[in-house]
Amino acid sequence: MAHTDNGAARAPERSDTKLVVVTGVSGGGRSTVARALENVGYYVVDNLPQALMLDMAELAFAAGGAARRTAMVLDVRSRAFSTDLAEAIRALKERGFQPRVVFVDADDEVLIRRFESVRRSHPLQGDGRLADGIAVERGLLEEAREQADVIIDTSHLNVNQLRRRVEELFGGEDARRLRVTVLSFGFKYGLPPDADFVLDARFLPNPFWVPELREHNGREEAVSRYVLDQSGALAFVETYAGLIAATASGFEREGKRYLTVAVGCTGGKHRSVAIAEELADRLRQARLAAHAHHRDLGRE
């Protein structure tokens, strides 16, 4: 039973039900996301037609208990998929629910490799090529991607890394707070498609050219100290920490729950990693729910 500030019991409201809607491209990792949500206590309904989303939400609300944390995984193979998703989400909100939409994505080349490795055809390729099926699906999912609260790009994540990302996002903290992911990356591997802010740490000297630091990374003290002791490094961190802290309440007020701040350097091993760790720490000191994630660490 929910309680008011003065301790009196109040009737549960639909907004008390934590709903996560998971969708995304075939081969992107929806099943892994579903298992990770189960690991943090969500009741997961897989391959749910969007027409049944409101009914499922009402069942979860009525059941109470563990069902108050419910995830619904949608599949493009349930036809007329994305054209109705916006309306289904709108209906949930009008009924008083506050769903969070997760979109799982990956590069086309990665998806093709994944399908080929398990020798499966794409569900929408018909008599065409894998690339044809992926293109058709992306068209169907365009609106769903635009509706997403958080986009998880799994192109460079293994199963364990994806699971940890989901657990970081939907684990113990209050899911209504803004959650900030400070994501380090290497520019030579491409920009993160899910970034809300992109910071460039390449103005700092590169530890790669310091022989005793080359084989180490920005999570290690020697590299971190080298990067953060450079002229302008701490001012860079403090400026962006202040900007994000100043805008956090506005993002929360506008209903944004997930913010990705990408910090890049050349290879994603030294400067961006050290800056991302320091920035995440400063944001936690500012009482924001923040964690660092390193996309390209170990790729070299």
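Reader: Why does Phe 236 count as buried?

Author: Phe 236 has a relative accessibility of 12%. Buried means under 20% relative accessible area, exposed over 50% and partly exposed in between (1.4 Å probe, protein chains only), so Phe 236 falls in the buried class. Bear in mind that this is a predicted model, where local features need pLDDT of at least 70, side-chain atom pairs count only at pLDDT 80 or more, and totals for chains, interfaces and linings use all residues. Residues are numbered from 1 along each chain as its sequence is written, and side-chain values use heavy atoms, with hydrogens and water left out.

Reader: What makes Tyr 240 partly exposed?

Author: Tyr 240 comes to 25% relative accessibility, so it belongs to the class in between.

Reader: And why is Trp 209 called exposed?

Author: Trp 209 reaches 62%, and therefore passes the limit for exposed. Phe 208, at 33%, is partly exposed.

Reader: How many aromatic pairs are there?

Author: Seven. Rings of Phe, Tyr and Trp (its six-membered ring) pair if their centres lie within 6.5 Å; planes under 30 degrees apart are stacked, over 60 edge-to-face, and the rest tilted. Phe 208 and Trp 209 have 4.8 Å between centres and 90° between planes, an edge-to-face pair.

Reader: Why are Phe 236 and Tyr 240 edge-to-face?

Author: Their ring centres are 5.1 Å apart and their planes stand at 65°, so this pair is edge-to-face. Both sit in helix 8, four residues apart, or about one helical turn. Helices (H or I, at least four residues) and strands (E, at least two) are DSSP runs, numbered from the N terminus.

Reader: How do you know that Arg 202 sits over the ring of Phe 187?

Author: A charge sits over a ring if NZ of Lys or CZ of Arg is within 6 Å of the ring centre and within 35 degrees of the ring normal. The charged end of Arg 202 lies over the Phe 187 ring at 3.6 Å from its centre. Arg 299 does likewise over the face of Tyr 189, at 3.9 Å.
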